[in-house]
Amino acid sequence: MDTLMDVIIDTLKLLPFLYITYLLMEYIEDKAEDRMVETLWKYEKAGPAAGALLGLIPQCGFSAAAASLFSGGIISGGTMLAVFLSTSDEMLPIMLSEAVSPAKIGHILLTKVILAMAGGAAVDLVHGLIKRSPHYKHIHELCEQENCHCEEGNIWKSALIHTAHVTLFIFLFSLVFAFLVDGIGEERIALFLGQVPFLSILLCALIGLIPNCAASVMITELFLKGMIGAGQVTAGLMVGAGVGLLVLFRTNKDLKQNIRLTLVLYLIGVLSGLIVQALGIRF
């Protein structure tokens, strides 16, 4: 009961910070969609760089838009993957709500952007620009199809729904993690993850592929609790594109191409984690 009450209290403390953060993000997303499309059109040759920068805004609408733009032949596969790789889904609001230092958040985001630019550019260099017949769909239409609850024109409701969903995931994960630590011990868990860094990087990247905000919540919470390091959190967050993959598989009819792009996304995430680990980068 003590563990349960501690988790409930800790989760409730995050509510106001999460809601304010999501409200701001919903406002930015609502105002920025057309500009995003225009930017990717204007800087087509520098698509991966533009995509990585635009992907900094951690909302499902941007990864969904990138998937649709690729399916419509408007952007390249490398540009879409750059958006997927740089966006951090629920990482930013969770870290802001838990008062993580701006320097640490900035370090993580900068690392992700640089790796996303490199990964996206490499994909375009190898495969060239992959284009299809244009049939771009509106971001909000895609979000409604994927139950993102991006209520157009009602950012207050959208932010509230998003906050409720993420709070539930945080509560459930924190509860399971708390009982896990009580049963196994925090030192044993940390020791296991530290002894097999390569395996934990593979696992974190696999978790990050789950097209649901629960994945980025889990990766972020493990990092904040000191259970995983910079390499693992990088691998997990690099591939965490929210519903981007779901939208890709729905809007692009080439199943083999979708599977290849997913495998490339996973590979880049793992390589990114290994690079961070090998260079001894710390967040």
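Good morning. The chain before you contains 14 helices and zero strands. Please keep in mind that this is a predicted model. Read along the sequence, the pattern is accordingly α-α-α-α-α-α-α-α-α-α-α-α-α-α. The chain has 283 residues, and 53% of them are buried. As for the contacts between residues at least 6 apart in sequence, 83% join residues at least 24 apart.

I shall turn to helix packing. In general, two packed helices are described by the angle between their axes and the distance between the axes.

Let us take helix 2 and helix 4. Helix 2 covers residues 47-54 and helix 4 covers residues 77-86; their axes come within 7 Å and cross at roughly 25°. An angle under 35 degrees counts as roughly parallel, and helix 2 and helix 4 are therefore roughly parallel to each other. Their crossing is right-handed. On the side of helix 2, the contact is made by Gly47, Pro48, Gly51 and Ala52, and on the side of helix 4 by Gly78, Thr79, Ala82, Val83 and Ser86. By class, the residues of this contact of helix 2 with helix 4 divide into four nonpolar, five polar and no charged.

The next pair is helix 12 with helix 14. Here residues 230-238 form helix 12 and residues 255-279 form helix 14, with axes that come within 7 Å and cross at roughly 160°. Since an angle over 145 degrees counts as roughly antiparallel, this makes helix 12 roughly antiparallel to helix 14. The crossing in which helix 12 passes helix 14 is right-handed. Helix 12 contributes Ala230, Gly231, Gln232, Thr234, Ala235 and Met238 to the contact, and these meet Leu265, Gly269, Ser272, Gly273, Val276 and Gln277 of helix 14. Five nonpolar, seven polar and no charged residues take part in the contact of helix 12 with helix 14.

How many of the nine residues of helix 12 are buried? Nine of the nine are, so helix 12 is largely enclosed by the rest of the structure. The buried residues include Val233, Gly236 and Leu237, together with Ala230, Gly231, Gln232, Thr234, Ala235 and Met238.

I now come to charged side chains. A search of the whole structure finds one salt bridge. Which residue forms a salt bridge with lysine 225? The partner is glutamate 221, and the closest N and O atoms are 4.0 Å apart. Is glutamate 221 buried or exposed? Glutamate 221 has 2% relative accessibility, and because buried means under 20%, glutamate 221 counts as buried. Lysine 225, at 30% relative accessibility, counts as partly exposed.

Finally, I would draw your attention to lysine 104. This residue is found in helix 6, which covers residues 102-127. Its relative accessible area is 29%, so lysine 104 is partly exposed. Which residues does lysine 104 touch, not counting residues up to four places away in sequence? They are Phe223 and Phe283. Lysine 104 and arginine 282 are 178 residues apart in sequence, while their C-alpha atoms are 9.2 Å apart in space.

To close, let me return to the two helix pairs. Helix 2 and helix 4 are roughly parallel, whereas helix 12 is roughly antiparallel to helix 14. The crossing of helix 2 and helix 4 is right-handed, and helix 12 likewise passes helix 14 in a right-handed crossing. Thank you for your attention.

Methods:
Residues are numbered from 1 along each chain as its sequence is written. This is a predicted model: local features need pLDDT of at least 70, side-chain atom pairs count only at pLDDT 80 or more; totals for chains, interfaces and linings use all residues. Side-chain values use heavy atoms; hydrogens and water are left out. Buried means under 20% relative accessible area, exposed over 50%, partly exposed in between (1.4 Å probe, protein chains only). Axes are lines fitted to C-alpha atoms, for helices over the stretch in contact, and angles run from 0 to 180 degrees between N-to-C directions. Helices (H or I, at least four residues) and strands (E, at least two) are DSSP runs, numbered from the N terminus. Angles under 35 degrees count as roughly parallel, over 145 as roughly antiparallel, 65 to 115 as roughly perpendicular and the rest as oblique. A crossing is left-handed if the near helix is turned anticlockwise from the far one by less than a right angle, and right-handed if clockwise. Contact means heavy atoms within 4.5 Å. Ala, Val, Leu, Ile, Met, Phe, Trp, Tyr, Cys and Pro count as nonpolar, Asp, Glu, Lys and Arg as charged, and the others, Gly among them, as polar.
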